[in-house]
Amino acid sequence: MTKRAESRQSDDASSAVLTFTRNFDAPCKRVFDAWTNAEQLSNWFCPAGFTVVSCAVDFRVGGVFDVAMRSSEGRVFRWHNTYRDIVIPQRLAYASSILDEAGRPIFDAVTSVTFRERDGGTLLIVESVVEKLHDPAAAVFADAMEPGWREGLGNLAAFLHRQS
Amino acid sequence: MTFAALADPTRRAILARLSSGAATVSELAEPFDMSMPAVSKHLKVLERAGLIGRGREAQWRPCRLEAEPMKEAVDWLETYRRFWEDSLDNLDAYLKELQTAAPGDEKPAVAPKRKR
């Protein structure tokens with residue numbers, strides 16, 4: 001059973017941090033493989049409404065894993081990720097540049113993923129630091145996401161309280 | 001950058017307060033048990049980030065939310081959060097498929113691509 005993700009922003013003064021914690025009913029090695037094998041990554045590494053169209057993994061520190069995903073409207077976005085740290089099967093860290101179909105950067109982030117053995121399953125912690133938003137291109141990606149979930153300014157207060 | 005301005009809990013609380021209407025510095029200071037200069041410092045950060053505007057009316061200078069940049073930043077963080085929530089949901093479903101396809105197998109067969 002998946003525990004609901006918790007997300008928050010840290011008090012870090014320089015960037016926004018999102019943290020997600022999940023429990024998976026599978027051993028660390030299997031979850032780690034799903035993160036680091038191109039074939040397996042292409043089964044899950046995209047949001048709802050998107051399909052992974054290509055995935056390549058050069059599994060070494062300094063190597064790149066690159067995932068291209070297509071929205072339901074046919075727009076293609078690329079997640080270009082460079083490994084910074086690999087500890088099998090416990091930890092991954094990578095720097096990401098997310099690019100639009102013309103190869104223009106949308107935003108940069110640094111993500112670390114921790115895999116912890118817990119009761120035969122895996123506790124997964126994903127921490128992603130949004131370092132730079134290449135304004136206003138980010139809106140392009142936001143618009144390509146599934147309609148219906150984007151909340152208007154009316155829900156801003158709720159959003160901000162949730163993040164506190 | 002907008003995200004730095006959003007990263008501080010006091011600043012987020014100030015923005016939440018302003019989302020229900022403009023307010024003066026003293027009105028903003030009150031619920032936080034903070035000095036006016038401390039609040040002013042936060043307001044300057046928010047103003048520089050383009051998230052709030054200050055009125056020109058004499059010493060009152062009420063603060064108000066600048067809707068567009070604020071919405072853009074919030075939308076973006078929500079988008080990114082959603083990316084992870086969705087992907088991790090997919091991962092959970094994918095791992096369950098593997099489990100079903102090859103229970104106890106350390107080298108699971110590759111499951112058919114999930115249709116989304």
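Biologist: How many of the nine residues of helix H1 (residues 28-36) of chain A are buried?
Modeller: This is a predicted model. In it, helix H1 of chain A is mostly covered. The buried residues include Cys28(A), Phe32(A) and Trp35(A). Of the nine residues, the buried count is seven.

Biologist: Which residues does Gly63(A) touch, leaving out those up to four places away in sequence?
Modeller: Gly63(A) sits in the loop between strand S2 (51-57) and strand S3 (64-70) of chain A. Its C-alpha atom is 5.7 Å from that of Thr82(A), 19 residues apart along the chain. With neighbours up to four places away not counted, the residues touched are Asp58(A), Asn81(A), Thr82(A) and Tyr83(A).

Biologist: Is Gly63(A) buried or exposed?
Modeller: Buried means under 20% relative accessible area. Gly63(A) has 0% relative accessibility, so Gly63(A) counts as buried.

Biologist: Which peptide bond is cis, with omega about -10°?
Modeller: Most peptide bonds are trans. One exception involves a proline in the loop between strand S4 (76-87) and strand S5 (91-99) of chain A, namely Pro89(A). The cis bond, with omega about -10°, joins Ile88(A) and Pro89(A).

Biologist: What is the phi of Asp119(A)?
Modeller: Most residues other than glycine have a negative phi. Asp119(A) lies in the loop between strand S6 (105-118) and strand S7 (121-133) of chain A. Asp119(A) is exposed, with a relative accessible area of 80%. Its phi is positive, near 50°.

Biologist: Where does Asp33(B), with its positive phi, lie?
Modeller: Phi of Asp33(B) is near 55°. The residue is exposed, at a relative accessible area of 75%. Asp33(B) lies in the loop between helix H3 (25-29) and H4 of chain B.

Biologist: What pattern does chain B follow along the sequence?
Modeller: Chain B has five helices and two strands. Read along the sequence, they follow α-α-α-α-β-β-α.

Biologist: Where in chain B is confidence highest?
Modeller: Chain B averages a pLDDT of 80, and 80% of the residues score at least 70. Confidence is lowest in helix H1 (residues 2-6) of chain B, at a mean of 70. At 91, it is highest in helix H4 (residues 36-48) of chain B.

Biologist: How are H2(B) and H4(B) oriented to each other?
Modeller: Thr10(B), Arg11(B), Ile14(B) and Leu15(B) of H2(B) meet His42(B), Leu43(B), Val45(B) and Leu46(B) of H4(B). The helix axes come within 10 Å and cross at roughly 75°. Angles of 65 to 115 degrees count as roughly perpendicular. H2(B) and H4(B) are therefore roughly perpendicular.

Biologist: Which side chain makes a polar contact of 3.2 Å with that of Arg11(B)?
Modeller: Arg11(B) lies in helix H2 (residues 9-18) of chain B. Arg11(B) is buried, with a relative accessible area of 8%. Its side-chain partner at 3.2 Å is His42(B).

Biologist: Which backbone oxygen does the side chain of Asn90(B) reach?
Modeller: Asn90(B) is in helix H5 (residues 67-101) of chain B. Asn90(B) is buried, with a relative accessible area of 2%. At 3.1 Å, its side chain reaches the backbone oxygen of Trp44(A).

How values were computed: Residues numbered from 1 in each chain as written. Chains lettered and ligands numbered in written order. Heavy atoms only, no water. Helix = DSSP H or I, 4+ residues; strand = E, 2+ residues; numbered from the N terminus. Buried < 20%, exposed > 50% of the residue type's maximum accessible area, 1.4 Å probe, protein only. Polar contact = N/O pair within 3.5 Å; in protein donor to acceptor, adjacent residues only side chain to side chain. pLDDT = per-residue confidence, 0-100. Contact = heavy atoms within 4.5 Å. Axes fitted to C-alpha atoms, helices over the stretch in contact; angles between N-to-C directions. Parallel < 35°, antiparallel > 145°, perpendicular 65-115°, else oblique.
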